[in-house]
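Work through the exercises below with the sequence and the model in view, and try each task before reading its solution.

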Amino acid sequence: MLRIIFLLLLTFHGLIHLMGFAKAFQYAEMKQLTIAISKPVGLMWLMATLLFVTTAILFLFKKDYWVIFSIAAVVISQIVIILSWHDAKYGTIANIIILIAAIIGYGTWSYYNKYQNDVETGLNRKEYFQNSELTETDILHLPEPVKKYLRYTGSIGKPKVNNFKIEFTGKIRKNEQSEWMLFTSEQYNFMETPTRLFFMKAVMKGLPVTGYHRYKNGDAYMDIRLLSLFKVQYQDGNEMDKADTVTFFNDMCCMAPATLIDKRISWQETTENMVIATFTNNGVTITADLFFNEVGELINFKSNDRYNADAGKILPWATPLRDYKEVNGYKIAGYAETIYTYPDRDLCYGTFEVSLIKYNCNDYK
C-alpha cells in the first residue's frame, strides 16, 4: 500500500509541474500561478515533470537507481517552487516526502550492494564438488536413511551442487512478547568456502527493516537496520560463528540434500529413521540429529550447538519440516519452523516458506 501511495505521489506531483511549463509557453491560462514564468524557467518545470515521471516508472519496476532521478527531480522542482513561492510553496511538502524516501532508498541500495558484492565473489569461486552427476557410488559411505532421503528428493542422477539460491517468505519474532514481523529473504550458499549470505526485508511497526546475515568460512555477523540506515541489532563473535555453522549445515540438509556427500561430514547411524551428523568447518565442529519418516523425508533437524542471544546461552534448536513439493525437479520441504527449547517451553520464533530454489547458479539474478 505504501508503495502505491508513493508511486501516485511521484506521478501527480510530477504532472502538476506541467502547469508552470504551460504558463511559460502560453499553452493554457493558469490562474493558479499568478507570477510570470519565463520560458527558460518553464523548461525547468517541464524537466521536473520528466524526472518525476521517470522516477515513478523506475520505482514501479524496482530499479534501484530511481533514487538518483528522484533527487535530481526534487532539486529542480524546489528551485522552480522557490521562484514561484507565493503560488507553489506547498509543493515543498511533497518534495520533502520524496527526498526522505530517496534517502531511505539510497540506504537500502547501498546496504544491499554489500550483499550483492559478496554474492558475486562467491559465484566466481572454483567448484568444490567435481562437475558430474551424483551417482549411487557417491553415496555408498552414507547411512541408509540419508541414502533413502537423497533418492526420495531426486538428487541421484542430477548435477552435484556447488552453490544454491533460496528465496523465502515468512515471519519472525524475538520472543512470545514480540509481534511477528513478515519478511521476504534472498540467500546464496557456496560450498567451496562454506558461505551463507542471507538478506532479509521485513516490516516492524509499519517501518521497513533490512537485515544482512553473513557467514563465510566460519566467521559470521548479523546486521539488522531500520530503514536500512540505523543499526538496531548487531551480533558477531565466537558464539555466532558456531551458531551459523549449525545454520549452514542445516541449509545443506534441508535445502540441498545433494551436498550431504561432503567429506567434512561424519555420520553415525543410530536407528532406522535417525542419524547423528558432525560437520566441521575451519576448526569449528557442530553436531546435529536428523530425523526421517518412512517415505524418506527429512522431518526434523536438531542441534545442541546453537547459541541464543536472548537467553545468553546455548539452547536446543530444531527445524521441523513439512509440505514437500517438487522444485526444479527435486522434492524439497516447502515449509519449516525454527524452534528454541527453553527449560520450561518451546519457542517458535520463525516460519519459512520456500518460494524459489536454484542450484549451481552462474550469475547473480
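**Exercise 1.** How are H4 and H6 oriented to each other, roughly parallel or roughly antiparallel?

*Solution.* This is a predicted model, in which local features need pLDDT of at least 70 and side-chain atom pairs count only at pLDDT 80 or more, while totals for chains, interfaces and linings use all residues. Residues are numbered from 1 along each chain as its sequence is written, and side-chain values use heavy atoms, with hydrogens and water left out.

Begin by finding helix H4 at residues 66–83 and helix H6 at residues 91–123; helices (H or I, at least four residues) and strands (E, at least two) are DSSP runs, numbered from the N terminus. H4 and H6 pack at an angle of about 160°, with their axes 9 Å apart, where axes are lines fitted to C-alpha atoms, for helices over the stretch in contact, and angles run from 0 to 180 degrees between N-to-C directions. Angles under 35 degrees count as roughly parallel, over 145 as roughly antiparallel, 65 to 115 as roughly perpendicular and the rest as oblique. H4 and H6 are therefore roughly antiparallel to each other.

**Exercise 2.** Describe the contact of H4 with H6 by residue class.

*Solution.* Contact means heavy atoms within 4.5 Å. On the H4 side the residues include Trp66, Ile71 and Ile81, and on the H6 side they include Gly91, Leu99 and Trp109. By class, this contact has 12 nonpolar, 7 polar and no charged residues, with Ala, Val, Leu, Ile, Met, Phe, Trp, Tyr, Cys and Pro counted as nonpolar, Asp, Glu, Lys and Arg as charged, and the others, Gly among them, as polar.

**Exercise 3.** Work out how H1 and H6 are oriented to each other, and which residues make their contact.

*Solution.* Helix H1 spans residues 2–16, and its packing angle with H6 is about 135°, the axes being 11 Å apart. H1 and H6 are therefore oblique to each other. From H1 the contact takes Phe6, Leu9, Leu10 and His13, and from H6 it takes Gly91, Ala94, Asn95, Ile97, Ile98 and Ala101. Sorted by class, these are 7 nonpolar, 3 polar and no charged residues.

**Exercise 4.** Which element gives the most to the lining of the largest cavity?

*Solution.* The lining consists of Asp118, Thr121, Gly122, Arg125, Phe190, Thr195, Leu197 and Lys216. H6 and strand E3 (195–204) each supply at least two of the lining residues, and H6 gives the most, with 3 residues. By class, the lining has 2 nonpolar, 3 polar and 3 charged residues.

Technical notes
1 Å grid on protein atoms, 1.4 Å probe; cavity = no way out; pocket = protein on both sides within 12 Å on 5 of 7 lines; lining within 4 Å.
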